[in-house]
Amino acid sequence: MLNKTIMAKFSEEKLRKVDEFISRYPEGKQKSAIIPVLHLAQDEFGGWLSAETMDYVATLLKLEPIEVYEVATFYSMFNLKPVGRYVFEVCQTGPCMVRGCDDIIDYIKKKLNIGVGETTPDGLFTLKTVECLGACGYAPMMQLGKYFREHLTPEKVDSIIEECRQTAATNN
Amino acid sequence: MARKLLLDKANVPGILGYEVYRREGGYASVEKALKTMTPDQVTEEVKKSGLRGRGGAGFPTGLKWSFLAKPEGVPRHLVCNADESEPGTFKDRYLMEFLPHLLVEGLIVSSYALGSKVTYIYIRGEYAWIPDILETAIAEAKANGWLGKNILGTGFDCEIYVHTGAGAYICGEETALLESLEGKRGNPRIKPPFPAVKGVWDRPTVVNNVETLAAIVPIMNIGGEEYAKIGVGKSTGTKLISACGNINKPGVYEIDMTISVEEFIYSDEYCGGIPNGKRLKACIPGGSSVPILPANLLLKTVKGEKRLMNYESLSDGGFPKGSMMGSGGFIVLDEDQCVVRNTLTLARFYRHESCGQCSPCREGTGWMEKILRNIETGKGKKSDIDLLWDIQRKIEGNTICPLGDAAAWPIAAAIRHFRDEFEWHVENPQECLVRNYGLAHYADPLEVATA
């Protein structure tokens with residue numbers, strides 16, 4: 001499931017979205033749409049960017065593939081390797097550390113039996129540590145998909161894991 | 001109760017939507033500016049207000065606007081810097097999440113002043129749910145005639161687009177942000193040329209922080225002179241402070257810049273004191289890059305005066321005995337916190353975020369993290385402390401952008417004020433793994449400086 005190669009091709013609807021992104025920038029400056037289009041591609045094609053996906057984005061934006069690789073490798077939100085269906089990105093910078101993020105990271109490691117950067121064998125969960133996400137007052141916290149989960153406690157982590165498992169089971 | 005100019009309507013039910021925002025007086029500043037003032041008059045008003053950039057550097061906004069080159073036939077752009085990533089800082093997020101129309105309103109007036117017909121909001125990618133909120137507000141503003149072609153029949157056209165980043169602190173630096181907006185890696189540019197002359201796509205560009213642009217609304221509404229009367233000295237108007245760490249009430253507070261640091265930490269109106277009766281050890285008052293201050297230097301300046309929450313007072317004493325207002329990211333550490341460990345997490349942050357363009361920063365941030373990790377885990381040597389000092393000195397001022405300085409300052413300040421704690425780690429390699437150094441003398445009264 002994780003390593004299945006997904007033929008990178010956007011639906012008509014997503015292609016219209018790509019065109020809409022391009023239209024936001026001046027004529028001939030479609031390169032500016034790289035980051036928004038890479039986000040779209042990562043969401044569509046399995047949560048990470050394969051070389052094939054990046055090449056496809058290059059074709060869409062009429063760029064050299066290297067221009068897309070350069071960008072994809074620079075920004076931390078782009079995954080260049082397959083990840084689990086749910087990626088727990090736990091902040092570990094100063095203000096979160098002060099509020100006990102290390103304990104939360106240890107708890108998740110034990111609970112899921114994986115290390116940082118690893119994915120559970122069922123392909124459901126990946127644990128990542130990240131640097132400041134701008135939720136310092138609501139620490140400890142993590143990003144899960146589009147949203148932040150804040151004021152984390154072991155109990156809260158349990159319920160998030162349960163929630164993910166249930167969503168996965170119903171949407172399979 | 002301090003006067004609120006930005007957050008006064010934050011708790012009005014439904015303020016997220018256009019109808020309520022408008023009913024509460026929203027978009028009046030657009031009417032005033034576009035119908036009764038020229039773009040230059042708007043800039044003049046902002047100059048009078050004394051507003052200083054709220055992103056961290058504190059540069060006067062009106063002055064920055066007046067530098068914008070206006071060559072014939074070349075489009076100009078305003079770019080809103082919403083790449084808020086400085087550890088301790090989460091105020092812009094609050095504004096965008098709960099008062100999106102305030103930002104949109106500020107953007108329209110500012111775009112008019114600068115002649116920006118296409119304005120961008122560059123928002124950090126991790127704030128992934130916020131673009132929807134902003135785009136809804138933009139669409140509502142457009143549907144009601146505040147954006148698009150010929151706004152209010154004045155002939156001024158303006159569009160606002162949201163552009164997401166993808167995880168890179170460096171893109172909060174304005175030239176890196178412009179590179180990123182052009183679809184490149186976020187490597188800062190050498191200045192000059194400044195963005196005001198050659199910015200995005202080589203066009204004259206102004207980059208301003210979210211809070212700065214939101215503040216344009218009250219400045220228009222009450223007038224620059226009235227705005228300048230709030231606060232003290234060159235710290236005019238109100239400032240958002242995002243408070244976090246060991247305090248009872250973390251969150252975003254709007255202050256006028258006359259209150260003391262002590263009041264901000266201990267009063268129930270703001271942070272509400274430190275939990276569990278713990279004592280204050282130290283504070284990083286303006287985001288992770290600014291110097292950490294021990295309690296005694298934080299609450300009073302070296303002259304023995306009460307330290308206030310404003311640009312001048314926080315920097316009183318310079319780097320040796322003061323700090324900076326920075327972005328307003330206020331991080332409080334209680335007596336149980338370890339300064340070495342805290343400094344290590346910040347060093348790791350800067351190593352992770354260095355773009356790798358300049359050697360002193362690319363290599364130096366990595367070395368500093370490694371040395372600090374050794375000291376923190378009981379493997380350090382006394383000479384490592386001097387080595388750390390030496391490395392940070394060699395980064396500061398030797399890089400294209402201020403990330404190098406931002407990485408060097410927290411380490412310099414930690415060693416300057418807490419050297420004994422670093423030495424204790426080296427001398428007690430076992431004990432430092434199981435307990436913290438504690439409060440030591442950091443809360444004692446200041447030594448009186450003698451000539």
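Modeller: Chain A is divided into domain 1 (12-74) and domain 2 (86-170), with bounds taken from an automatic or database domain assignment. The C-alpha centres of domain 1 of chain A and domain 2 of chain A are 28 Å apart. This is a predicted model, in which local features need pLDDT of at least 70 and side-chain atom pairs count only at pLDDT 80 or more, while totals for chains, interfaces and linings use all residues. Residues are numbered from 1 along each chain as its sequence is written, and chains are lettered from A and ligands numbered from 1 in the order in which they are written.

Now the part itself, in chain B. B:Tyr27 sits in the loop between helix H1 (18-23) and helix H2 (28-36) of chain B; helices (H or I, at least four residues) and strands (E, at least two) are DSSP runs, numbered from the N terminus. The phi of B:Tyr27 is positive, near 70°, although the residue is not glycine. Most residues other than glycine have a negative phi. B:Tyr27 is buried, because 21 other C-beta atoms lie within 10 Å. A residue is buried with 20 or more other C-beta atoms within 10 Å of its own, exposed with 12 or fewer, and partly exposed in between, with C-beta atoms placed from the backbone.

In H2(B), the buried residues are B:Ser29, B:Val30, B:Ala33 and B:Leu34. They lie on the same side of H2(B) because they cover an arc of only 110° around the axis, the arc being that of the directions from the helix axis to the C-beta atoms. An α-helix has 3.6 residues a turn, so residues three or four places apart point the same way. The buried residues of H2(B) pack (C-beta atoms, placed from the backbone, within 7 Å) against helix H3 (39-49), helix H6 (100-114), strand S3 (148-151), strand S4 (156-164) and helix H9 (210-222) of chain B. On the face of H2(B) turned away from the buried side are the exposed residues B:Lys35 and B:Thr36.

For comparison, chain A has a positive phi of about 50° at A:His151, which is not a glycine. A:His151 lies in the loop between strand S4 (147-149) and helix H7 (154-170) of chain A. A:His151 counts as partly exposed because it has 13 C-beta neighbours inside 10 Å.

Key. Contact = placed C-beta atoms within 7 Å.
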